[in-house]
Amino acid sequence: MLLARVAEVSRAVAAVPARSRKIALLAELFAEATPEESPLVIAYLSGRLPQGRIGVGWSTLKEVVPPAVPPAAAPALTLAGVDAAMDELAAVAGPGSQAERTRRVRELCAAATTEEQELLVRLLSGEVRQGALDAVALEGVAKAAAVPATELRRAVMLEGALPPVARAVLADGRAALDRFTLRVGRPVQPMLAHTAASVVEAVEALGPCVVEEKLDGIRVQVHREGEDVWVHTRSLDDVTARLPEVVAAAREVPSESFILDGELIALDPGSGRPAAFQFIAGRVGSRADVLGAQAALPLIPVFFDVLAADGEALVDRPGRERNAVLVRLLPEERRVRRLEITAPEDPAGREAAERFFADTLARGHEGVLVKALDAPYVAGRRGRTWLKVKPVHTVDLVVLAAERGSGRRTGYLSNLHLGARAADGGGFVMVGKTFKGLTDAMLRWQTDRLAELAVEDDGSTVRVRPELVVEIAYDGLQRSTRYPAGITLRFARVLRHRPDKPAAEADTVDTLLGEG
DNA sequence: TTCCGACAGTGGGGTCGCAAT
DNA sequence: ATTGCGACCCCACTATCGGAA
């Protein structure tokens, strides 16, 4: 198959708003592909390269963004040829590699038509912007293979990726799905949670449930088969080699075969309180001198779920049964603290849940997860049966500048630079940016208002007179080397504009530091 | 007919490893 | 030695479609 055919369908998918039409267009092409090329077609049309990210970002791509490179007159690139080129691109390393990557990307684009160039750039940048990624592509495969999407989705979650499952089901039909089962050693997509505003709201929504402490660390899925152990992150990256202490902990579990789901945290050497997320992420990211890094900051795995044990899959069992297995496998200090609320309608139960939440925060943790007691482990879905609750801080800050948006925000001033009032009363100190929480109406309003306040425009960022106050919600402060006060807001989002409030009454850096 | 679950899109800060300067 | 880039860890929120209620 030619790349041009894929590019053509991608453009058509982007052009139709209805999801059902997107799915139909994708299904048509998937049915047209041979079994050999189907994984490639599906990967490309779900917005990713089979090779994953291969060291090419916007800085490299800006030199080839159409129409920077003269396009080929007629389509000639085959899917197999492009795939081979991507393999080679991914393998480029060492001195001169940056120039070599740029050269190869340009060479590939020179052999592509304009439409193909656009697809290549979008695949390499990871932004297909066709309104269809994994989930919609999965629906397309289900339609093409005439299998129920729910069954296909389950197989994909257990396999961890769509293309291999798609190839099997397109070739052999529904029966092929039976080949994809939960297997120790093969990571599955982790179950995710939704957000609730309060513990009471979460408990009311779920009925009989368990409240668990939410640890602020790195999610890990730990597999063991005999002496073999694998550790995977949320995106299924294999980080086993960086985490010897997790491997050792897995080998202490009194079971030869299991899959555990948990969080990696660390304790601050001084206070014994949970270490800041930044330190834990740094540890997990360190590949060089693993033993030295481990000595400086040993990580502690704490688990909250078990997907399989002693050769038996547990994902379809209710949460209370999985927890019973977890209790059997792990000592208390290897499990998250939890409180069962068996009678959610009883005020005493709700009060207990509230106390547990407050106590968890007092211990220095991030918040809680509330989970329905009878819910199965639904891999890869953000099920309504797990709800997270975290405290939210708010603060009034001043807009110092705004960046022009892209994609559907083209033409709007989108990303706001946020300033706190300086402690000494002189001016404002930037403490972060945000583009979140804005409705289209707010976007339109702030674009107009900020244009009135503009004092300088470099084409991408518009500096403004510091007069517009915005109410900002955030999850807490982080240490920062980027901003002058040495701090920045974590997960800042706009709650509302405050045109009624003078900038001189905005919150100060000291207020921010006081609230932590 | 209305409601709501699931998806995609739009980016935020920090940290590491590696290449370029 | 420092800087810049890319990958990946954490993530919030809105708009939209389409099936459920």
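1. V378 sits in the loop that links β9 (367-372) and β10 (382-389); strands here are DSSP runs of E with at least two residues, helices are runs of H or I with at least four residues, and both are numbered from the N terminus. Before going on, note that this is a predicted model: local features need pLDDT of at least 70 and side-chain atom pairs count only at pLDDT 80 or more, while totals for chains, interfaces and linings use all residues. Residues are numbered from 1 along each chain as its sequence is written, and chains are lettered from A, with ligands numbered from 1, in the order in which they are written.

2. Staying with V378, this residue is partly exposed because 19 other C-beta atoms lie within 10 Å. The cut-offs are 20 or more other C-beta atoms within 10 Å for buried, 12 or fewer for exposed, and partly exposed in between, with C-beta atoms placed from the backbone. Apart from neighbours within four places in sequence, V378 is in contact with M191 and G383; contact means C-beta atoms, placed from the backbone, within 7 Å. E37 is 341 residues away from V378 in sequence, and their C-alpha atoms are 30 Å apart.

3. Now the whole chain. Chain A has 18 helices and 19 strands, and its C-alpha atoms fill a box of roughly 70 × 65 × 50 Å along the principal axes. Buried residues make up 39% of the 516. Of the contacts with a separation of 6 or more, 69% join residues 24 or more positions apart.

4. Next, the inside. The largest nonpolar core has 114 residues, with V141 and V370 making the most contacts inside it; strand β6 (residues 300-309) gives this core its largest share, 8 residues. A core here is a set of buried Ala, Val, Leu, Ile, Met, Phe, Trp, Tyr and Cys residues joined through C-beta atoms within 7 Å. Beyond its neighbours within four places in sequence, V370 has contacts that include A196, V203, L206, L387 and V389. A second, separate core of 31 residues includes L400, L416, V464 and A506.

5. Helix α7 (residues 114-125) is worth a look. Its 12 residues should span 16 Å at 1.5 Å a residue, and its end C-alpha atoms are 16 Å apart, which agrees (the expected span is 1.5 Å times one less than the number of residues). Among its buried residues are E116, L119, L120 and L123, and the cover over the buried residues includes α1 (3-15), α3 (38-45), α4 and α6. Just after α7, G126 takes a positive phi of about 85°.

Notes: Contact = placed C-beta atoms within 7 Å.
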